[in-house]
Amino acid sequence: MKNIIVTGATGMIGSSMIKQMLKDDLHVTAVCRPNSKKRGNLPQNVNLDVVECDINELYKLPELLATEYDTFYHFAWDGTYGDSRDDAILQEKNVENTLKAVDAAHALKCNVFVGAGSQAEFGFVEGTLSDKIPKNPITGYGIAKYTAGKLSAILCAKYGMRQSWGRIVSTYGPGDNSYTMVMSSIIGMLKGERMSFTKGDQIWDYVYGGDCSKAFYLIGKYGKHGKAYTIGSGKSRYLKEYIKDIRDVINPELEIGLGEKEYYPNQVMNLTADIQELVDDTGFEPSVDFKDGVRKTIEWYRGVTKE
């Protein structure tokens with residue numbers, strides 16, 4: 001594993017993973033959208049090349065790049081939140097783009113293709129999430145992620161590449177989007193706002209972004225062909241406990257409005273990750289607990305907002 005290519009490189013997981021790889025003296029090519037507003041998430045490093053390429057034009061990568069690569073990480077995806085998650089045409093295009101990424105990886109002589117999946121692939125689940133249980137995605141996003149994972153495995157096998165898939169449960173950390181529960185709570189509470197939430201009886205598994213990116217890094221190195229690994233901390237808690245932790249880190253005296261919002265329609269109530277296969281195959285171990293991760297995220301956010 002020497003020359004790496006990463007799409008969706010400016011996102012929380014991609015950018016964090018790239019920083020870890022650069023510390024290991026690997027050469028990385030980061031693929032980002034033209035004029036990406038998040039390009040600043042990428043560090044300056046002699047071993048990092050940045051290439052602009054739209055997600056719908058990944059087939060052009062072999063023309064833009066001359067170097068042969070070992071591993072291709074595909075994080076780029078459109079329509080990850082809001083109504084766009086059920087935009088069937090957009091999500092179908094994401095599946096096509098994933099297969100185009102596999103084609104590009106093959107043309108670039110890659111041996112390994114790693115894709116990013118989601119807990120949305122499972123649908124409603126009572127119990128722990130692992131690849132051993134049935135999948136019944138109910139959103140366009142979940143259906144597309146599941147389809148992309150399965151079809152990319154078939155295409156990779158045709159090309160003689162190893163394909164591994166990482167299903168992310170829930171992440172947070174530096175580089176997180178402002179609309180997520182953790183990030184929006186941090187932003188609001190730092191302003192001293194009294195925020196409203198549901199009862200918070202959902203059982204959730206949050207993994208720090210740096211730990212999640214470490215999991216993907218290890219999947220690329222040690223993962224097995226055709227396996228879909230559930231990525232989480234391996235520990236689940238009520239969502240209200242996470243909310244209280246955020247409040248306690250920022251201001252223990254701040255009031256929070258638990259139970260003031262209704263649950264979303266089709267609210268998923270149980271996201272508990274079974275990470276045993278990930279641990280067994282790659283040696284992954286999460287290292288950042290939630291409160292420490294919140295502190296690191298606050299430090300990052302304050303640094304960004306000062307710029």
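1. In β4, His74 is the bridge partner of Thr7, and strand β1 (residues 3-7) pairs with β4 in the parallel sense over four bridges; strands here are DSSP runs of E of at least two residues, helices are runs of H or I of at least four, both numbered from the N terminus, and pairing requires at least two DSSP bridges between two strands. This is a predicted model, in which local features need pLDDT of at least 70 and side-chain atom pairs count only at pLDDT 80 or more, while totals for chains, interfaces and linings use all residues. Residues are numbered from 1 along each chain as its sequence is written, and side-chain values use heavy atoms, with hydrogens and water left out.

2. β4 also pairs in the parallel sense with strand β5 (residues 112-118), over four bridges, and there Val112 is the bridge partner of Thr71. From β4 the chain crosses through helix α3 (residues 88-107) to β5 in a right-handed β-α-β crossover (with the strands pointing away from the viewer, the path from the first strand over the helix to the second runs clockwise).

3. Gln163, in strand β7 (residues 162-168), counts as buried at 1% relative accessibility (buried is under 20% relative accessible area, exposed over 50%, partly exposed in between, with a 1.4 Å probe and protein chains only). Its side chain reaches the backbone oxygen of Gly149 at 2.9 Å.

4. Glu260 lies in the loop between β14 (256-257) and β15 (272-273) and is partly exposed, with a relative accessible area of 43%. Beyond its neighbours within four places in sequence, Glu260 is in contact (heavy atoms within 4.5 Å) with Arg194, Ser196 and Phe197.

Methods. A polar contact is a pair of N or O atoms within 3.5 Å; within protein, one must be able to donate a hydrogen and the other to accept it, and residues adjacent in sequence count only if both atoms are side-chain atoms.
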